[in-house]
Amino acid sequence: MHRFWGEIAVGISGVVGLWGVLMARRQTVPRVYYWAVAFAIASLLAQVVFGVIAMSTEDIDPGNQHVFYGIVIAVTFAFSYIYRAQFRKRPALYYGLLLLFTMGLGIRGIMTFGHSF
């Protein structure tokens with residue numbers, strides 16, 4: 001589940017992030033974009049939870065780097081929640097950049113599976 005959903009979650013994050021960056025000049029952001037952002041964030045956070053469950057129940061060594069990128073994704077979303085008031089100024093741009101950044105973290109996490117520092 002973790003391996004299969006990882007690539008899908010990264011893809012969703014990239015598509016919604018690119019949509020936000022392309023829509024950044026618009027004055028009004030459609031409500032469907034906020035739902036898409038919530039779905040992309042939830043899919044990546046579910047990925048982190050699936051990884052923790054897989055590590056605790058199965059005998060898998062994902063490597064330090066893979067775990068590091070999962071932790072950085074979770075921390076990034078925690079900081080974006082802390083700064084959510086600033087995100088209201090230009091929501092499409094800020095959420096778009098956030099999701100593109102976490103997409104990059106997810107890609108690095110996938111690429112570093114099994115590797116340690």
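This is a predicted model: local features need pLDDT of at least 70, side-chain atom pairs count only at pLDDT 80 or more; totals for chains, interfaces and linings use all residues.
Residues are numbered from 1 along each chain as its sequence is written, and side-chain values use heavy atoms, with hydrogens and water left out. Local features need pLDDT of at least 70, side-chain atom pairs count only at pLDDT 80 or more, and totals for chains, interfaces and linings use all residues.

Helix α5 (residues 91-111) packs against helix α2 (residues 31-57) at an angle of about 25 degrees, with the axes 11 Å apart. Helices are DSSP runs of H or I with at least four residues, numbered from the N terminus; axes are lines fitted to C-alpha atoms over the stretch in contact, and angles run from 0 to 180 degrees between N-to-C directions. The two helices are therefore roughly parallel (angles under 35 degrees; over 145 counts as roughly antiparallel, 65 to 115 as roughly perpendicular and the rest as oblique). The crossing of α2 and α5 is left-handed, meaning that the near helix is turned anticlockwise from the far one by less than a right angle. Residues in contact (heavy atoms within 4.5 Å) include Val-37, Ile-41 and Leu-44 of α2 and Tyr-95, Gly-96 and Leu-99 of α5. This contact comprises 10 nonpolar, two polar and no charged residues; Ala, Val, Leu, Ile, Met, Phe, Trp, Tyr, Cys and Pro count as nonpolar, Asp, Glu, Lys and Arg as charged, and the others, Gly among them, as polar.

Helix α1 (residues 2-22) also meets α5: their axes come within 7 Å and cross at roughly 155 degrees, and the two are therefore roughly antiparallel. This crossing, too, is left-handed. The contact has 12 nonpolar, eight polar and one charged residues.

Five aromatic pairs are counted, where rings of Phe, Tyr and Trp (its six-membered ring) pair if their centres lie within 6.5 Å, with planes under 30 degrees apart stacked, over 60 edge-to-face and the rest tilted. Phe-87 and Tyr-94 form a tilted pair, 5.8 Å centre to centre with 55 degrees between the planes. The rings of Phe-87 and Tyr-95 lie 4.8 Å apart at 65 degrees, so this pair is edge-to-face. Phe-87 is buried at 12% relative accessibility (buried is under 20%, exposed over 50%, partly exposed in between, with a 1.4 Å probe and protein chains only). Tyr-95 is likewise buried, whereas Tyr-94 is partly exposed at 31%. Ring pairs also link Trp-19, Tyr-33 and Tyr-34 into a cluster.

Finally, Gln-65 lies in helix α3 (residues 64-82) and is buried at 17% relative accessibility. Beyond its neighbours within four places in sequence, Gln-65 contacts Thr-112, His-115, Ser-116 and Phe-117.
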